[in-house]
Every structure is written in C-alpha cells, then in structure tokens.
Amino acid sequence: MDPPLLANVAATIAVLIPTFYLALVFLSPSPIVTRPSEKTYRSHTSPTTPLPLPSLSDKGSLDLSVVIPAYNETARLPAMLDTTLAHLRASTSTSTKGNHRRTHELLIVDDGSKDGTSALALKLAAQNPTIDIRVITLEKNLGKGGTVRHGMLHARGHRLLMVDADGASRFEDLEVLWKAMDALAPENEPAVVVGSRAHLVKTEAVVKRSLVRNILMYGLHTILRIVGVGHIRDTQCGFKLFTRRAAQQIFPAQHLATWIFDVELLLLAKQLGIPVAEVPVEWHEVAGSKLNVVKDSLQMLRDLLVLRGNQLVGRWKVTPLQ
C-alpha cells in the first residue's frame, strides 16, 4: 500500500475510534438510581406506613413473585388483577413431597403514574387481603424496563414472573411456563422461560393489528438477528419467568430502562450461559397501549445500537455468580 495512503487510513481510524467511543458514552443512559422511598412498599396491612423491601440477593422464601409494571393503569389493572388472583388462588406446585399450594406475592410497581395507580392498587390489595400484594411507587417515571428491574430486585420468590398490567397475556398460561421451567431447571438452577406470540403471526390476533405495528414487528426481528438474539422468535412478549438464581445474575447487570430492555435481558442470559426456553402463549391486543410507534421505534433502534456497542467495547460487563 502506498505510504501516504496508509498514513491517511491510520489517521482516519485514529479519529473514528475515539469519536465512536465518545458518541457511545454520550448516548448511553445514566445509571439507574434508586431513591430511599423506592426501597419501601405499602400493602393492605400497612397502607400509609411504608415498610422496607427485601433484596433479590436474599434467600428466596416463596414459590413465586409476580412483578407487574404499571404506568397510568387505573383503567386496565382491575380486570387483569381479577384474572391473576383467581388463578393464583387455585394454583399448586409439584415437588418431591407431592403437590402443595403455591405460595406467592404480587409486586405492583407504579412507574410514577399521574392517575392514582398506586391508590387503586392499594384499594385492590385491601379487597384481597388473603393475597400478599405489595405496592411500590417510583418517584419519577423510569420506563418499563427500569420498573420491571426494580420489582425483580426486591422480590422474594424462587421463581419470578414479569407480566404486563394490560392483561394482554392469558395469565393461566403461567402453567405452560412453569411446566417448561420444571423441565429446564428442576432444582431452580439458572434458567429463563419466555412466553411467545410467534405462533400467532398469521392469526387474527396479529393480522388485525395496524400495518405500522406489523411493519415494526418484522423490522425489529430483522435487527434482533443482527444483534444476536435471533434464536428467540418473540423477544418482546411481556410474560417471562426467571429462576431466582438467573434473576440474581441478570437484573443487577441490566442498564436499559426503556421498551427494548427485554432484548438486553436475553443477551445477558446468552452471555452468562443461562438456558432460555420459548413456549407459545395466548395473547390479544388491549386498547390503551402507551407505545408511540414512530418515536419508540427510533428509541428502540438507538438503544439496540448503544447496547451492543457498550457490550462490544467492554463498558457494560456481566459477571456470573460464583
């Protein structure tokens, strides 16, 4: 290669690398900050006096924690909670000692709502005193990913389920995820089971969605294959089950608080060597979505690039538990 040309190439690279790194630092989200009040919860037994939350690093004490992120959900939360509680009351687990009634808790994490979501959640908790419903209120809107992460970091279950407050996923399909988890991690070793709507692609549930939302779905799947989670057909279904040992490794390492956080969780599981199973679940679209298709699509693309960039340069690292 001609020496002057070689020098120009070297000079260009010398400029591009620090420019890329500085752009990455500038676009990366700030660390997620937890305020003192957000380390507490209220319940039907203590509706006015906040109580301290436990830590995910503690030993699990329940079969299941259900984490429900909620932002301005006064219209959709009651129906979703009715279905959820009815199933939990009837649910059992199988162990070496035989069947036993599954122990559980619900963590409703209010993401800085303006419509009284926390007050409604406490009212619903008082109406269902036999179920341990804990209401956590974030001081400022963090984003769905940050809200789920916060709930997971303070859950007590041996298994932890994230589920959307809109009721779009059929809660009874928890048993499908549970059975898959029993096969994947019979001793609750690190594992993840994700609900999938991929089997619905050609059904009425998806065909009736708007053209823009379907274009977004196919475009996202293409990008996901590029960034490394193409092996999961549906990364965005808000119905995912984690063992405690998987959650202890994944959620403390999560950086994204936005809609695309599911992809980060799955990438972290892949990097940690944590097995992930995908099982079909029923789903229907529910009115009242907070997703702004154009704005949030651009944000998702940006966050995916930031995520992979930080992982590739080593700014965002994950360390397996010893």
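Two aromatic pairs turn up when the whole structure is searched. Rings of Phe, Tyr and Trp (its six-membered ring) count as a pair if their centres lie within 6.5 Å; planes under 30 degrees apart are called stacked, over 60 edge-to-face, and the rest tilted. In the pair formed by Phe171 and Phe239, the ring centres are 6.2 Å apart and the planes stand at 70 degrees, so this pair is edge-to-face. Phe171 belongs to the loop between β8 (157-163) and α5 (174-184), while Phe239 is in strand β10 (residues 239-243), so the pair links parts of the chain 68 residues apart. Helices (H or I, at least four residues) and strands (E, at least two) are DSSP runs, numbered from the N terminus.

Before we go on, keep in mind that this is a predicted model, where local features need pLDDT of at least 70, side-chain atom pairs count only at pLDDT 80 or more, and totals for chains, interfaces and linings use all residues. Residues are numbered from 1 along each chain as its sequence is written, and side-chain values use heavy atoms, leaving out hydrogens and water.

Are Phe171 and Phe239 buried or exposed? Both are buried, where buried means under 20% relative accessible area, exposed over 50%, and partly exposed in between (1.4 Å probe, protein chains only). Now find Phe242 and Phe251: their ring centres are 5.0 Å apart and their planes are at 70 degrees, so they too form an edge-to-face pair. Phe242 has 1% relative accessibility and therefore counts as buried; Phe251, at 0%, counts as buried as well.

Next, look at Trp178. Arg102 lies over the face of this ring, 3.9 Å from the ring centre, and the charged end of Arg159 also sits over the ring of Trp178, at 4.6 Å from its centre. For a charge to sit over a ring, NZ of Lys or CZ of Arg must be within 6 Å of the ring centre and within 35 degrees of the ring normal.

Trp178 is one of the buried residues of α5, along with Leu174, Leu177, Ala180 and Met181. Looking down the axis of α5, you will find its buried residues within an arc of 165 degrees, so they line one face of the helix; the arc is that of the directions from the helix axis to the C-beta atoms. Lys179 and Ala183, on the other side of α5, are exposed.

Finally, step back to the whole protein. Its secondary structure comes to 10 helices and 11 strands, and buried residues make up 49% of its 322 residues.
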